Amino acid sequence: MAKSSPTSLWLWLALAAAIVLADQFTKTLIVATFDHGEALRISSFFNLTRHHNPGAAFSLLADAGGWQRWFLSAVAVAASAFIVWLLHKHHSQRLFAFSIACIMGGALGNLIDRLLHGHVIDMLDFHFRWLQPVFHGGHFPTFNLADMAITLGACGIIIDEIRRVRRSRA
């Protein structure tokens, strides 16, 4: 492993912070512009809207009665602490570090919402007729920038692991 460079660690932490800032900026704009449930049609398949999700991805635990706010907040804090440790240990592994920095930025963006509002603010609403058998009205669950960062990070980890396994077999 390459000698530890604090600069590269700070680069990944700065990426996570940039994701948090961009996420919170977009959510602030949505809260200032839209009432809860209001939507603006942008195209035949995309709306900007304002929804509140008290649960996790796909509204998992949304109807749990309130305890999920603190549980999901604790998970985000613990995951972020673990990711900082991973970044310290593996900051030279670019794809891996990029991916977990994205996950941490997204987790912290949604954590801020949970702590400030008691729910996560979602605003991106994609809908397609071919999704109707799976999602009501063909609407994919509404999401936000933080969710996009988490998804990008998860995909990056999968790609990184596939590449690692292929290298080990060669």
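1. Let's start in the sheet: alanine 39 has threonine 49 of E2 as its bridge partner. Keep in mind that this is a predicted model. E1 and E2 are joined by four bridges and run antiparallel.

2. On to the other pairing. Strand E2 (residues 46-53) also pairs with E3, again in the antiparallel sense, over six bridges. One spot to look at is asparagine 53, which sits opposite valine 120 in E3.

3. Put together, the strands form an open sheet of three in the order E1-E2-E3, with antiparallel pairing. Strand E1 (39-43) and E3 are at the edges with a single partner strand each, so one side of each has no neighbour in the sheet. On average, neighbouring strands here are turned by 30 degrees against each other, ignoring direction.

4. Is E3 mostly covered or mostly uncovered? Strand E3 (residues 120-126) is mostly covered, with six of its seven residues buried.

5. Now the helices. H2 (residues 67-90) packs with H3 (residues 94-117) at an angle of about 155 degrees, and their axes are 9 Å apart. Because angles over 145 degrees count as roughly antiparallel, H2 is roughly antiparallel to H3. The crossing of H2 past H3 is left-handed.

6. Who makes that contact? From H2, the residues include Trp70, Leu72, Ala76, Ile83 and His90; from H3, they include Phe96, Ile100, Met104, Leu111 and Arg114. Sorted by type, the residues of the contact of H2 with H3 are 17 nonpolar, three polar and two charged.

Technical notes. Residues are numbered from 1 along each chain as its sequence is written. This is a predicted model: local features need pLDDT of at least 70, side-chain atom pairs count only at pLDDT 80 or more; totals for chains, interfaces and linings use all residues. Side-chain values use heavy atoms; hydrogens and water are left out. Axes are lines fitted to C-alpha atoms, for helices over the stretch in contact, and angles run from 0 to 180 degrees between N-to-C directions. Helices (H or I, at least four residues) and strands (E, at least two) are DSSP runs, numbered from the N terminus. Angles under 35 degrees count as roughly parallel, over 145 as roughly antiparallel, 65 to 115 as roughly perpendicular and the rest as oblique. A crossing is left-handed if the near helix is turned anticlockwise from the far one by less than a right angle, and right-handed if clockwise. Contact means heavy atoms within 4.5 Å. Ala, Val, Leu, Ile, Met, Phe, Trp, Tyr, Cys and Pro count as nonpolar, Asp, Glu, Lys and Arg as charged, and the others, Gly among them, as polar. Buried means under 20% relative accessible area, exposed over 50%, partly exposed in between (1.4 Å probe, protein chains only). Two strands pair if DSSP finds at least two bridges between them.
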